[in-house]
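Have the view open as you read.

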Amino acid sequence: MKTLLKNCRAHLKEQNETYFQHMFSAWRIVWILNVMELKCLVHSFFPFLYTKSVSEKIECLEKMTKRNQK
C-alpha cells in the first residue's frame, strides 16, 4: 500500500498537478476518446465524414498528456 501511495504522489508531482486536477484531466481525455470512437465508427461507414477529426485530436491528446511535465 505504501508503494502505491508513493507511486501516486510521484506521478502527481511529475505532472505538477493535484489529485483532483489530474482526475479531471483524465476524465477530459476519456471524454475526447469516446467522441473520437464515435467519429471513427461513423467514418467507417461514411468515409467522407470526419476525414481529419481523429488525426487532429490525436495531436491534441498528445499535447494534453505532456501538459505539465517539467
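How far is the sulfur of Cys60 from the closest cysteine sulfur? In this predicted model, that closest sulfur belongs to Cys40 and lies 15 Å away, too far for a bond. A disulfide is a covalent bond between the sulfur atoms of two cysteines. Searching the whole structure turns up zero disulfides, and Cys40 is accordingly in none, with the sulfur of Cys60 as its nearest cysteine sulfur.

| Residue | Relative accessible area | Class |
|---|---|---|
| Cys40 | 38% | partly exposed |
| Cys60 | 25% | partly exposed |
| Phe46 | 42% | partly exposed |

You will find Phe46 in the loop that links helix 2 (19-45) to helix 3 (53-65). Phe46 also belongs to a nonpolar surface patch, together with Leu38, Leu41, Phe45, Phe48, Leu49 and Tyr50. Together, the residues of this patch have about 770 Å² of accessible area.

Now to the start of the chain. Helix 1 covers residues 2-15, which makes 14 residues. From first C-alpha to last, helix 1 reaches 20 Å, close to the 20 Å expected at 1.5 Å a residue. Just after helix 1 comes Asn16, with a positive phi of about 55°.

Conventions. Residues numbered from 1 in each chain as written. Predicted model: local features only at pLDDT ≥ 70, side-chain atom pairs only at ≥ 80, totals over all residues. Heavy atoms only, no water. Patch = residues over 30% accessible without salt bridge, like charges linked within 9 Å, V, L, I, M, F, W, Y side chains within 5 Å. Areas by Shrake-Rupley, 256 points an atom, 1.4 Å probe, with all protein chains shown as cover. Salt bridge = Lys/Arg side-chain N within 4 Å of Asp/Glu carboxyl O. Helix = DSSP H or I, 4+ residues; strand = E, 2+ residues; numbered from the N terminus. Buried < 20%, exposed > 50% of the residue type's maximum accessible area, 1.4 Å probe, protein only. Disulfide = S-S within 2.5 Å. Expected span 1.5 Å × (residues − 1).
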